[in-house]
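Subject: Structure handover

Hi,

Here is the structure for you to look over. My notes follow below it.

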Amino acid sequence: MSGHCPTPRVILNTRGVTPSVMVDYEHIDYAVTEGRAEIVLNRPDILNAFHDAMIEEVVLALMDAHTDGRVYSILLTGAGRAFCSGADVTNMGEDSDSTRLTAAEHLWKVQNVVRYLYHGPKPTVAAINGPAIGAGCDFALACDLRVMEEDAFLREQFVNIGLVPGDGGGWLLPRLVGESKAKEYILTGKDITPSEAADAGLVVEVVESGASRTAGRDLADVLCDKPAAAMQNSKSLVGFDRSFEEYGQAAIEAQWEVTNDPEHDEAIRALREGRDPDFDRTY
């Protein structure tokens with residue numbers, strides 16, 4: 001295959017930018033409430049398994065949230081009793097017209113969800129309300145923080161059906177739980193239970209059945225209420241993909257930006273005065 005699919009441009013400075021994507025969503029629900037964007041995968045009859053149209057809507061919603069000046073945090077969850085069961089396998093393996101290029105283009109589109117969740121500037125929270133399987137597991141892992149219901153599970157399903165974790169699991173899991181444990185989950189295709197997820201630090205909290213969306217909203221709201229420039233720059237500094245010297249230089253640039261931000265000044269005033277900060281926001 002010649003050429004490659006380009007990595008989507010992720011905008012870093014998004015505060016004050018108005019939303020540019022107006023979509024009548026069919027396969028997801030999308031809403032902005034008091035600074036929190038909420039994306040709900042909405043094909044509950046098939047455990048929120050996705051097809052191309054749903055993936056396109058999720059990516060558009062993430063692009064909108066990251067570039068909407070009203071949004072300070074993003075929550076991803078599923079409708080019904082599942083988070084996301086991965087790709088809709090109804091017709092998997094029956095596309096005789098598929099080529100290496102079309103297969104790559106499809107996988108790149110699915111990877112875009114991970115790109116915008118993980119690399120997008122605004123903090124992301126997954127409310128894992130039920131099974132998160134295959135790419136659905138990877139979407140949850142790509143979020144910055146996760147809460148999980150007591151009867152939910154995560155599963156890197158790919159090897160069980162003769163596939164590889166091409167959506168991001170083989171990149172995300174070693175960073176989250178270490179290489180050895182990542183190989184265990186990926187090569188066996190076993191479930192990651194809520195207790196295992198908590199012990200491994202994959203989830204912030206395990207909650208009772210039906211409570212993940214409320215817990216996810218609460219967590220997203222905590223992130224939402226922090227100084228936005230500091231939040232976004234802090235997220236951008238976390239990772240294993242640079243040397244300490246590269247990190248140090250990036251931190252110098254980020255620190256200069258945030259110390260010249262009005263929300264930093266207000267946060268310092270509030271700290272000195274023993275009160276909560278009152279940021280100049282639209283919600």
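The model is predicted: local features need pLDDT of at least 70, side-chain atom pairs count only at pLDDT 80 or more, and totals for chains, interfaces and linings use all residues. Residues are numbered from 1 along each chain as its sequence is written, and side-chain values use heavy atoms, with hydrogens and water left out.

Overall: the protein has 10 helices and nine strands. These are DSSP runs numbered from the N terminus (helices H or I, at least four residues; strands E, at least two). The C-alpha trace spans about 65 × 45 × 40 Å along its principal axes.

Pairing takes at least two DSSP bridges between two strands. β5 and β7 (residues 154–155) run parallel and are joined by two bridges. Ile133 has Arg155 in β7 as its bridge partner.

The helix pair: α3 (residues 135–142) packs with α4 (residues 169–177) at about 45 degrees, axes 10 Å apart. Axes are lines fitted to C-alpha atoms, for helices over the stretch in contact, and angles run from 0 to 180 degrees between N-to-C directions. Asp138, Leu141 and Ala142 of α3 meet Gly169, Leu172, Leu173 and Leu176 of α4, contact being heavy atoms within 4.5 Å.

Best wishes
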